[in-house]
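Biologist: Can you walk me through this one? I have the picture open and would like to know what to look at.

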Amino acid sequence: MEKQLQQRATMLVSTLVGLPPLLALLCVLALNGCASPGYPIAPEGQASAAKDMPPPPKAEDFPKLDSAKWKQGAFPSLEALRMMRAGMGKDQVRELLGSPHFSEGLAGVKEWNYIFHFRTGKGAEFVTCQYMVRYNGDRLTHGMYWKDPDCAMLVEPPQVKPMPMAAAVATPPQKVTLGADGLFRFDGGALGDLMPEGRAKVEKLAADIKRNFKRVNSIAVTGHTDRLGTASYNEALSLARANTVRELLAQQGIDRNAIRTAGMGARQPVAQCPGAAKTPALVSCLQPNRRVDIEVAGDQ
């Protein structure tokens, strides 16, 4: 990190040398302001940011890689990424992740974007991911997102724990599939888009979970769409629907920390239908693919 900052400082000095004196002075003053101690964070502000549930960005909301100011990106600390939480100030984010890699502006900036690389373990090979941090009106983080949902797995890989001998006879995970057409209004994924019968289905599921499970270890909520529409739109919609189901389950008393969500878009169809034109027959045939899967693991 120190070497990177030195390189940036050298580039900045070479840029300022060619500017008129007044403009150079304004640049220095602006930079001094950016480097000055940040604003205090009130506990109530942190609590408010932690409760925010802004809609996730779509793939097209992320800036194009070739528009980055710092095009090399960075190899981040996995531990630093795991420390990211809602309610953090910009100084705290910069301390963990460094400065954003795109030209985000000087004032009123509510979004920082990064280019992060992760080693694959195969020589010098690595994968590249885009990471977005969004801030609310109090300049506190209230959303952290990966352009590719699979990138989150690089930071928090699934934990594989040895199964205790006594657990060999444990009840296998119970899976429930809810058709999205009966849950949400057309093209909707927010809590307000739930239809009355859809809300009733999720509330009944929550009641069944609390009645049938003595202890819930984990709940996986996975949204799926059909193949109509763009891949980025379908992935965002499927994730939004999964997050809404999680929120409603939590409202019904299910431990929010035990619920994980994912949006698979159209990548895991259960029905294969011929044709490409969006005809009523094709829409009907693809109906089983528009769904939300809920898998509950625990002791019954």
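Modeller: Let's settle one term before the sheet. Two strands pair if DSSP finds at least two bridges between them. Also, keep in mind that this is a predicted model.

Biologist: OK. Which residue in β7 is the bridge partner of Ile 219?

Modeller: Val 296 in β7 is the bridge partner of Ile 219. Val 296 is also the bridge partner of Gln 174.

Biologist: Which way do β5 and β7 pair, parallel or antiparallel?

Modeller: Antiparallel, over 9 bridges. Strand β5 covers residues 215-224. Strand β4, residues 174-179, also pairs with β7 in the antiparallel sense, over 6 bridges.

Biologist: Switching topic. How many disulfides are there?

Modeller: The count comes to 2 disulfides. One joins Cys 129 and Cys 151, with sulfur atoms 2.1 Å apart. Cys 129 sits in strand β2 and Cys 151 in helix α6, 22 residues apart.

Biologist: What about the other one?

Modeller: Cys 273 and Cys 285 form it, with their sulfur atoms 2.0 Å apart. Cys 273 is in the loop between β6 and α9, and Cys 285 is in helix α9, so the pair ties together parts 12 residues apart in sequence.

Biologist: Is the Cys 129 and Cys 151 link left-handed or right-handed, and why?

Modeller: The torsion about its S-S bond is about -85°, so that disulfide is left-handed. The link of Cys 273 and Cys 285 is left-handed too, with -90° about the S-S bond.

Biologist: Which is Cys 285, buried or partly exposed?

Modeller: Partly exposed, because its relative accessibility is 31% and buried means under 20%. Cys 273 counts as buried at 9%. In the other pair, Cys 129 is buried at 3%, and Cys 151 is buried at 5%.

Biologist: What pattern do the disulfides follow along the chain?

Modeller: With bonded cysteines counted along the chain, the pattern is 1-2, 3-4.

Biologist: Now helices. Which residues of α5 are buried?

Modeller: Lys 90, Val 93 and Leu 97 are the buried residues of α5, which runs over residues 90-97. Seen down the axis, they fall within an arc of 60°, so they line one face of the helix.

Biologist: Why would residues spaced like that point the same way?

Modeller: An α-helix has 3.6 residues a turn, so residues three or four places apart point the same way.

Biologist: What does that face pack against?

Modeller: The buried residues of α5 pack against α4, β1, β2 and β3. Just after α5, Gly 98 takes a positive phi of about 85°.

Biologist: Where is Ala 236?

Modeller: Ala 236 is in helix α8, residues 231-251. Ala 236 is buried, because its relative accessible area is 18% and the cut-off is under 20%. Ala 236 and Ala 59 are 177 residues apart in sequence, and 7.7 Å apart in space, C-alpha to C-alpha.

Biologist: Last thing. What is the mean pLDDT of the chain?

Modeller: The mean is 83, and 82% of the residues reach 70 or more.

Biologist: Where does pLDDT stay under 50?

Modeller: Residues 1-7 are one such stretch, with 2 contacts beyond four places in sequence. Over residues 9-16 the pLDDT is also below 50, and that stretch has 5 contacts beyond near neighbours in sequence.

Technical notes: Residues are numbered from 1 along each chain as its sequence is written. This is a predicted model: local features need pLDDT of at least 70, side-chain atom pairs count only at pLDDT 80 or more; totals for chains, interfaces and linings use all residues. Side-chain values use heavy atoms; hydrogens and water are left out. Buried means under 20% relative accessible area, exposed over 50%, partly exposed in between (1.4 Å probe, protein chains only). Helices (H or I, at least four residues) and strands (E, at least two) are DSSP runs, numbered from the N terminus. The arc is that of the directions from the helix axis to the C-beta atoms. Contact means heavy atoms within 4.5 Å. pLDDT is the predictor's confidence in each residue, from 0 to 100. A disulfide is a pair of cysteine sulfur atoms within 2.5 Å.
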